[in-house]
Amino acid sequence: MKVLVINAGSSSLKYQLINMDDEHVLAKGICERIGTGGEITHSTYEGKKFTYEKEIPTHTEAFKELVHLLTQGEGKVIESMQEI
């Protein structure tokens, strides 16, 4: 089983995706400056790390971005959110 842990603050959204079978962190990251610009940092258990600027107007948009990071591209660690 995989668990997505989210800590949403007033202008940030932090997350960790944990494989509970062995308590291994598959990916983690933070979306910062929500509503006032935006910066995303995402890293995987394989050591891949991405940091980039992106306009993030709301926490909803931040969540959509983290779903994209977890399921697509070079930072992908799961096939779909149905694994969570």
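Which residue forms a salt bridge with Lys54? The partner is Glu65, and the closest N and O atoms are 2.6 Å apart. By salt bridge I mean a side-chain nitrogen of Lys or Arg within 4 Å of a carboxyl oxygen of Asp or Glu. This pair links distant parts of the chain, with Glu65 in helix 1 (residues 59-71) and Lys54 in the loop between strand 5 and helix 1, eleven residues apart. Helices (H or I, at least four residues) and strands (E, at least two) are DSSP runs, numbered from the N terminus.

A word on the source. This is a predicted model, where local features need pLDDT of at least 70 and side-chain atom pairs count only at pLDDT 80 or more, while totals for chains, interfaces and linings use all residues. Residues are numbered from 1 along each chain as its sequence is written, and side-chain values use heavy atoms, with hydrogens and water left out.

Back to the pair. Glu65 is buried, at 9% relative accessibility, and Lys54 is partly exposed, at 37%. The cut-offs are under 20% relative accessible area for buried, over 50% for exposed, and in between for partly exposed (1.4 Å probe, protein chains only).

Next, Arg33 and Glu53 form a salt bridge, 2.6 Å from N to O. Arg33 sits in the loop between strand 3 (24-32) and strand 4 (39-44) and Glu53 in strand 5 (residues 49-53), so the contact ties together parts 20 residues apart in sequence. Arg33 is partly exposed at 35%; Glu53 is exposed at 53%.

Lys76 and Glu79 also pair, at 3.2 Å. Searching the whole structure gives six salt bridges.
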